[in-house]
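Here is a short report for a reader new to this structure. Take a look at the model before reading on.

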Amino acid sequence: MDKPELKDFTKPESIRDYPVGPSFYGGHLVSVNSGWRTFRPVVALDTCTGCFRCYLVCPDGVIAKTEAGKVAVDYDFCKGCGVCAHECPFSAIDMVKEDISE
Amino acid sequence: MIDTRKNESVFVSGDEAVALGVRLSRPQVISAYPITPQTIVVERLSEMVEDGSLDAKYIHVESEHSAMSAAMGASSVGARAFTATSSQGLLYMAEGLHYASGGRMPIVMMNANRSLALPWSIFGDHRDSMSMLDSGWIQVYVEDAQEALDMTIQAYRIAEDPSVLTPFMINLDGFILTHTYELVEVPRQKEVDSYLPPFSTPNKMSLETPKSMGFSTSPADNMEFKYQQHKAMMDSMEVIKKADKEFSEMFGRSYHGLVDCYQCDDAEYILVTAGSVTGTARVAVDTMRIKGIKAGVLKLRFMRPFPEQEIRNILSGAVSYGVLDKDISFGYEGTMFTNVNSALSGSKNFPRGMNFVGGLGGRDISVQDIEEMFIALQKCPDNAYGDYIKSRVSFVNMGVNINE
Ligand code: SF4
Ligand code: SF4
């Protein structure tokens, strides 16, 4: 899967280096965005049938298929909303409390 | 020498003149929601799309907020967009106005100037657009139907300039301009096409160049975008002057850029106006001149960008000046007056100014009313802390005695 890679953002030195208005080429990610998650979705791969309904409903598009054809969640960008767990027809996703001591 | 005689002349209302100007500008998307006294513009445009004389997508939306949102969607894929509104409708799209200017989307919108509720009224004044002065839109106020048509074409040219990329609001006085019929000359399509090239923008969403548009920023970068907006608006002044010059070379009509003057050269008393009342003021100047009083009119065409330098140059030579506002910022004074005073504050000679608030909710402003303004300007008291402060803001043509 083509996922944009994280790029460092350095503040431009000149105003001319800013884009004209808040518009920039797509997929320019500068930071991970998952610090607000309380629960993380954990996929039970033995129950999962690979229907990929979770992929369709994830509002942040962070569910993908691994090379082995399995479901994988990108925890760098998952916000922990639980939509995938709620919608999984086979209850293959558990929402597990994040361990904040980690 | 330009031979304008071959151009077609039509007898149309201000609303229809705008619709003709829009058609000549070849927008690809028109989003429309009707509101009096703007309705005729979008009605005519829908007829033009229907009869095939305008090749555009016409989107019926459910509100003004959606009209602006649809225009933004169109602009973000590189389409030339038009919408129109008035009064409460303009306020309802207020959120979108800031979005469009912040997103640097050069949408052109006609606003039929109309008063704001309450009391409910469909008649004209400038309180709707003046309250949107800080929304980041270029604002022009036109005097007649011809200027309305011509400025519609110029609006796209100015707004879409790569150094500007800022949305453009064309203001027409409700009913006085929108519903009054005048003889208007219609430029030829071929000439408009060479004056106004097709729209291109760096902020274009497309499959070839996927974009993230309308992103958020942290405090570390937000101000830079606001600075850019301000600079673009300041830079638009030269673009406006150039657009006017080239328009006059091609079509034979000049509006003199940011301001227009009538008899200001030797004027001792100058009245600053915006919009259709300028025509009335020109007549009043003529009658004052016959009486030997050196009167003049400064027509403020653009409220944003604000023609600070022009105002300073023209007014600092006067004995006194008046500003006729069809608006009031309750608790202070008319917004034009505040802006004019601010422009003058940088000049060595700061003549005494008076603010005439008139025309609210469609109240008539007659030639005689304006003559009385010039007479008041002759008597303008020059002590700054007594009579002057008390009398510098006055309501014109009140129907009742307010000397309680
Ligand atoms: S919706 Fe459930 S079963 Fe279907 S792919 Fe996702 S986790 Fe597996
Ligand atoms: S929890 Fe929400 S964001 Fe995370 S993978 Fe599931 S649907 Fe996507």
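## A strand covered on both faces

Strand β5(B) is covered on both faces: V108(B), M110(B) and A112(B) are buried on one side, and M109(B), N111(B) and N113(B) are buried on the other. The strand spans residues 108–113 of chain B, and six of its six residues are buried. This is a predicted model.

Which strands pair with β5(B)? One is strand β4 of chain B, residues 81–86. β4 and β5(B) run in the parallel sense and share five bridges. Within this pairing, T83(B) has M109(B) as its bridge partner. Another is strand β7 of chain B, residues 168–173. That pairing is also parallel, with six bridges. Here N111(B) is bridged to N171(B).

## A buried serine

S87(B) belongs to helix α4 of chain B, which covers residues 87–92. Is S87(B) buried or exposed? Its relative accessibility is 0%, so S87(B) counts as buried.

What does S87(B) touch, beyond its neighbours within four places in sequence? Its contacts are N111(B), A112(B), R114(B), S115(B), L116(B) and D128(B). Two of these names have come up already: N111(B) and A112(B) are buried residues of β5(B).

## A mostly covered helix

Helix α12 of chain B runs over residues 335–344. It is mostly covered, with eight of its 10 residues buried. The buried residues are T335(B), M336(B), F337(B), N339(B), V340(B), N341(B), A343(B) and L344(B).

## Chain B as a whole

Chain B holds 14 helices and 16 strands. Its radius of gyration is 21 Å, close to the 22 Å that the globule rule gives for 404 residues, so chain B is as compact as a globular protein of that length. Along the principal axes, its C-alpha atoms fill a box of roughly 65 × 55 × 45 Å.

How much of chain B is buried? Of its 404 residues, 58% count as buried. The accessible surface comes to about 17,200 Å². Carbon and sulfur atoms account for 54% of that surface.

## Around ligand 1

Now to the ligand. Ligand 1 is surrounded by 13 residues. The closest are C48(A), C51(A), F52(A), C54(A) and C88(A). By type, the shell around ligand 1 divides into 10 nonpolar residues, two polar and one charged.

Terms used
Residues are numbered from 1 along each chain as its sequence is written. Chains are lettered from A and ligands numbered from 1 in the order in which they are written. This is a predicted model: local features need pLDDT of at least 70, side-chain atom pairs count only at pLDDT 80 or more; totals for chains, interfaces and linings use all residues. Side-chain values use heavy atoms; hydrogens and water are left out. Helices (H or I, at least four residues) and strands (E, at least two) are DSSP runs, numbered from the N terminus. Buried means under 20% relative accessible area, exposed over 50%, partly exposed in between (1.4 Å probe, protein chains only). Contact means heavy atoms within 4.5 Å. A residue is near a molecule or strand if one of its heavy atoms lies within 4 Å of it. Ala, Val, Leu, Ile, Met, Phe, Trp, Tyr, Cys and Pro count as nonpolar, Asp, Glu, Lys and Arg as charged, and the others, Gly among them, as polar. Two strands pair if DSSP finds at least two bridges between them. The radius of gyration is taken over C-alpha atoms; the globule rule is 2.2 Å times the number of residues to the power 0.38. Accessible areas come from the Shrake-Rupley method with a 1.4 Å probe; for residues, only the protein chains shown count as cover.
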